There are 2 protein chains.
Amino acid sequence: MTGNSSNVVWHHATVNRQRREALNGHKSVLLWFTGLSGAGKSTLAHAVEEELHQRGCRTFVFDGDNVRHGLCGDLSFSIEDRRENIRRIGEMSKLFLEAGVIALTAFISPLREDRQRVRSLVPHGDFIEIYCRCAIGTCESRDVKGLYKKARAGEIKEFTGISSPYEEPRNAEVVVETDTLSLEQSVALVIGQLCERGVIPGGCDV
Amino acid sequence: MTGNSSNVVWHHATVNRQRREALNGHKSVLLWFTGLSGAGKSTLAHAVEEELHQRGCRTFVFDGDNVRHGLCGDLSFSIEDRRENIRRIGEMSKLFLEAGVIALTAFISPLREDRQRVRSLVPHGDFIEIYCRCAIGTCESRDVKGLYKKARAGEIKEFTGISSPYEEPRNAEVVVETDTLSLEQSVALVIGQLCERGVIPGGCDV
């Protein structure tokens with residue numbers, strides 16, 4: 001047994017968030033990207049992750065791809081199930097925070113109440129809401145997945161921004177104008193915030 | 001922007017499990033502790049985590065405390081809900097593996113089929129089943145939480161080992177005789193296995 005732990009009998013956790021953060025050399029936070037479909041949440045989240053990884057940070061991005069087919073594979077897209085979806089993502093993010101990881105989530109998460117619930121789930125200051133603000137016209141003209149077209153044709157019901165509301169954040173920690181900023185500028189904005197908040201060490205230049 | 005990434009536009013994840021494992025200096029695996037209530041699963045899992053953390057590994061323990069009140073707070077202890085509980089833990093563990101973390105779980109998980117389902121969920125070789133084998137008499141005589149007493153009195157229905165089956169693993173990667181081995185010996189057994197499998201680097205002496 002390493003160190004002087006020979007006579008210790010553990011019953012409870014001895015490794016906690018603080019010790020993990022010390023090992024990692026950075027704090028863990030939850031970066032919650034929200035915005036319309038096509039606003040660039042996922043692209044920005046992955047680009048921020050790349051930058052953080054290159055700086056030696058432990059990171060993980062949650063998005064539809066790795067959550068909707070797995071943990072939330074039993075849920076539909078009804079209002080109720082979308083709420084349960086966000087709840088589980090919030091609870092899981094909380095465990096990633098405990099694990100010392102910078103968790104990034106890229107979900108439309110259109111309802112203020114749902115985002116607020118996740119915010120109140122994690123310790124104060126650990127929830128960093130990043131609003132990817134983009135005019136719906138821009139999102140619709142991109143329409144990478146062809147979803148807006150389907151929504152306009154009535155093939156998708158309750159599509160956010162078309163037939164279902166998107167409630168803009170009122171107090172997002174970061175607002176990224178994704179229809180005017182480049183991806184590089186957007187990444188710099190987020191990384192700058194993490195430096196200022198003391199989440200990651202070192203220079204704030206990106 | 002660090003390095004030569006200035007002209008890259010990301011749409012998908014660029015940080016993957018391999019890069020995270022390289023950053024961490026160890027592989028990620030799922031250590032699935034199973035056994036009767038009172039067999040020492042949680043104690044052993046936390047002691048193994050302590051040893052791994054001291055060796056500089058990224059770890060996280062899932063147990064009733066951090067899962068049952070959060071992610072699975074909506075579930076009861078019915079057969080169906082216990083199955084859903086294990087499913088969600090499996091799916092979440094899979095994401096922790098992706099995140100480069102050594103995930104340790106301490107749940108009775110009495111049914112072979114449920115454990116098998118989690119095993120088949122993660123890449124081949126990443127599921128390490130650790131059977132904490134302990135005579136039920138020993139578990140019952142410890143009865144740390146007073147649960148056996150309640151089960152015998154009929155106050156708890158479907159209590160594993162008393163009124164509900166525990167299906168012993170047939171091919172556990174590690175069997176720990178927790179009623180005869182000391183905690184130190186048990187930890188050494190698990191750590192030795194992780195060294196032999198190349199999960200963690202360095203000396204296998206504990």
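**Figure 1. Buried residues of helix α8 in chain A.** In this predicted model, the residues of α8(A) that count as buried are A:Ser186, A:Val187, A:Val190, A:Ile191 and A:Leu194. Seen down the axis of α8(A), these buried residues fall within an arc of 125°, so they line one face of the helix. An α-helix has 3.6 residues a turn, so residues three or four places apart point the same way. Among the elements that cover the buried residues of α8(A) are α2 (41-54), β4 (127-133) and β5 (174-177) of chain A.

**Figure 2. Helix α8 of chain A from end to end.** Helix α8 of chain A runs over residues 183-196, and at 1.5 Å a residue its 14 residues should span 20 Å, which agrees with the 20 Å between its end C-alpha atoms. What comes after the helix is A:Gly198, a residue whose phi is positive, near 75°.

**Figure 3. Chain A as a whole.** Chain A contains 8 helices and 5 strands, and these elements, read along the sequence, follow the pattern α-β-α-β-α-α-β-α-β-α-α-β-α. The C-alpha trace of chain A spans about 70 × 40 × 25 Å along its principal axes, and 43% of the 206 residues of this chain count as buried. When contacts in chain A between residues at least 6 apart in sequence are considered, 72% of them join residues at least 24 apart.

**Figure 4. The open sheet of chain B.** In chain B, 5 strands form an open sheet with parallel pairing, and their order across the sheet is β2-β3-β1-β4-β5. At the edges of this sheet lie β2 (59-63) and β5 (174-177) of chain B, each of which pairs on one side only. From one strand to the next, the twist averages 20°.

**Figure 5. Pairing of strands β1 and β4 in chain B.** Strand β1 (residues 30-34) of chain B runs parallel to strand β4 (residues 127-133) of chain B, and 5 bridges join the two. One residue to look for here is B:Leu30, whose bridge partner in β4(B) is B:Phe127.

**Figure 6. The edge strand β2 of chain B and its partner.** Strand β2(B) is joined by 5 bridges to strand β3 (residues 102-106) of chain B, and the two strands run parallel. Within this pairing, B:Phe62 stands opposite B:Thr105 in β3(B). Although β2(B) is an edge strand that pairs on one side only, 4 of its 5 residues are buried, so β2(B) is largely enclosed by the rest of the structure.

Definitions and conventions
Residues numbered from 1 in each chain as written. Chains lettered and ligands numbered in written order. Predicted model: local features only at pLDDT ≥ 70, side-chain atom pairs only at ≥ 80, totals over all residues. Pairing = 2+ DSSP bridges. Axes fitted to C-alpha atoms, helices over the stretch in contact; angles between N-to-C directions. Buried ≥ 20, exposed ≤ 12 C-beta atoms within 10 Å, placed from the backbone. Contact = placed C-beta atoms within 7 Å. Expected span 1.5 Å × (residues − 1). Arc of directions from axis to C-beta.
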